[in-house]
Amino acid sequence: MAWTKYQLFLAGLMLVTGSINTLSAKWADNFRAEGCGGSKEHSFHHPFLQAVGMFLGEFSCLVAFYLLRCRTAGQSDSSVDPQQPFNALLFLPPALCDMTGTSLMYVALNMTSASSFQMLRGAVIIFTGLFSVAFLGRRLVPSQWLGILATIVGLVVVGLADLLSKHDSQHNLSDVITGDLLIIMAQIIVAIQMVLEEKFIYKHNVHPLRAVGTEGLFGFVILSLLLVPMYYIPAGSFSGNPQGTLEDALDAFCQVGRQPLIALALLGNISSIAFFNFAGISVTKELSATTRMVLDSLRTVVIWALSLALGWEAFHPLQILGFIILLSGTALYNGLHHPLLACLSRGCRPPTQEGEQERLLGDSRIPINDSS
């Protein structure tokens with residue numbers, strides 16, 4: 001079945017905005033500018049402020065939800081039920097996980113390359129699979145266990161590539177190792193978030209845009225308030241601001257005032273996360289969750305290629321091997337090998353519209369917020 005122009009637009013929007021989300025965050029990290037009080041020029045290292053911006057982008061999904069509800073008002077087959085009851089506090093536990101995991105990943109992005117950051121995020125498959133078995137009572141099929149094993153091997157190869165790569169003055173070996181470990185730790189928290197979303201939120205049949213937007217609201221409010229005590233908490237070597245604290249939002253605003261391109265990078269991060277969530281949910285609805293997984297894997301290739309082209313990192317052949325193994329693990333875990341095996345055994349025939357709809361309705365649930 002050929003894709004319509006609208007489906008092609010959604011797929012392209014997801015791929016582009018997903019890539020912009022990581023690249024814009026890394027672009028902001030690469031800037032250097034003077035801070036407040038005449039402090040000397042230093043790098044823009046403000047991961048918690050960037051996380052606040054990300055939650056602001058997620059919060060905007062609530063606007064999309066209410067616009068969608070207004071557009072479909074009065075339609076009997078509307079997927080956005082205006083009378084749908086739900087308790088907003090259901091979103092608080094996953095929002096706290098999202099806030100913690102996202103903040104850790106933005107800290108790690110300051111320490112490692114954008115491509116390694118994106119590849120290592122594939123570790124979420126390992127912990128999501130294990131937690132779903134432990135807490136949701138789910139039974140994984142052999143191909144999923146094989147996918148988890150392949151993902152572990154891929155992570156080891158990507159880690160070796162980071163260790164063997166040439167590092168510049170901004171990313172020395174100890175920073176890269178710490179950053180990679182923080183990314184893995186963040187995926188444990190993200191996996192807990194996904195399990196909580198499936199256990200509590202999906203059970204109440206909350207629209208994904210509403211779920212993402214409400215989580216974004218909680219994350220934005222809580223993390224914005226936490227910026228105040230962070231201004232006074234000493235962080236030692238983890239601090240990237242002259243004051244040496246966990247986060248200095250005032251220094252960030254001063255740097256933005258002296259280097260307006262930082263504001264452009266932050267705006268790109270905020271807007272891209274909103275469009276990426278919307279496009280991802282729409283791709284799942286219009287095409288399939290499998291298509292969404294494939295596009296998300298292609299996003300890693302785009303980020304890696306652009307990072308090399310921009311000179312943000314050096315090429316290492318082990319990264320190719322690591323990415324292929326990680327991609328294989330993702331494909332096995334999400335069942336992407338089934339259509340290929342069916343095609344080889346019975347011959348490739350275009351799926352009917354009814355078959356595609358059945359696959360969508362019967363597909364396993366995917367995380368509502370797969371963008372941090």
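A disulfide is a pair of cysteine sulfur atoms within 2.5 Å. The structure, a predicted model, holds one disulfide. It joins Cys 36 and Cys 254, whose sulfur atoms are 1.8 Å apart. The torsion about the S-S bond of Cys 36 and Cys 254 is about 90°, so the disulfide is right-handed. Because Cys 36 lies in the loop between β1 (32–33) and β2 (42–43) and Cys 254 in helix α10 (residues 249–258), the pair ties together parts that are 218 residues apart in sequence. Helices (H or I, at least four residues) and strands (E, at least two) are DSSP runs, numbered from the N terminus.

Residues are numbered from 1 along each chain as its sequence is written. In this predicted model local features need pLDDT of at least 70, side-chain atom pairs count only at pLDDT 80 or more, and totals for chains, interfaces and linings use all residues, while side-chain values use heavy atoms, with hydrogens and water left out.

Buried means under 20% relative accessible area, exposed over 50%, and partly exposed in between (1.4 Å probe, protein chains only).

| Residue | Relative accessible area | Class |
|---|---|---|
| Cys 36 | 30% | partly exposed |
| Cys 254 | 22% | partly exposed |
| Cys 61 | 2% | buried |
| Cys 97 | 14% | buried |

Helix α6 (residues 124–135) and helix α7 (residues 142–164) have axes that come within 9 Å and cross at roughly 145°. Axes are lines fitted to C-alpha atoms, for helices over the stretch in contact, and angles run from 0 to 180 degrees between N-to-C directions. The crossing of α6 past α7 is left-handed, meaning that the near helix is turned anticlockwise from the far one by less than a right angle. On the α6 side the contact (heavy atoms within 4.5 Å) is made by Ile 125, Ile 126, Gly 129, Leu 130 and Val 133, and on the α7 side by Trp 145, Ile 148, Thr 151, Ile 152 and Leu 155. These residues divide into eight nonpolar, two polar and no charged. Ala, Val, Leu, Ile, Met, Phe, Trp, Tyr, Cys and Pro count as nonpolar, Asp, Glu, Lys and Arg as charged, and the others, Gly among them, as polar.

An unreviewed UniProt entry lists "transmembrane region" for several stretches, including residues 120–138 and 145–164; such annotations may be inferred rather than shown by experiment. Residues 120–138 are 68% helix and 0% strand, with end C-alpha atoms 25 Å apart. For residues 145–164 the values are 100% helix, 0% strand and 29 Å.

Thr 300 is found in helix α12 (residues 289–309) and counts as buried at 7% relative accessibility. Leaving aside neighbours within four places in sequence, Thr 300 is in contact with Gln 118, Met 119 and Phe 323.
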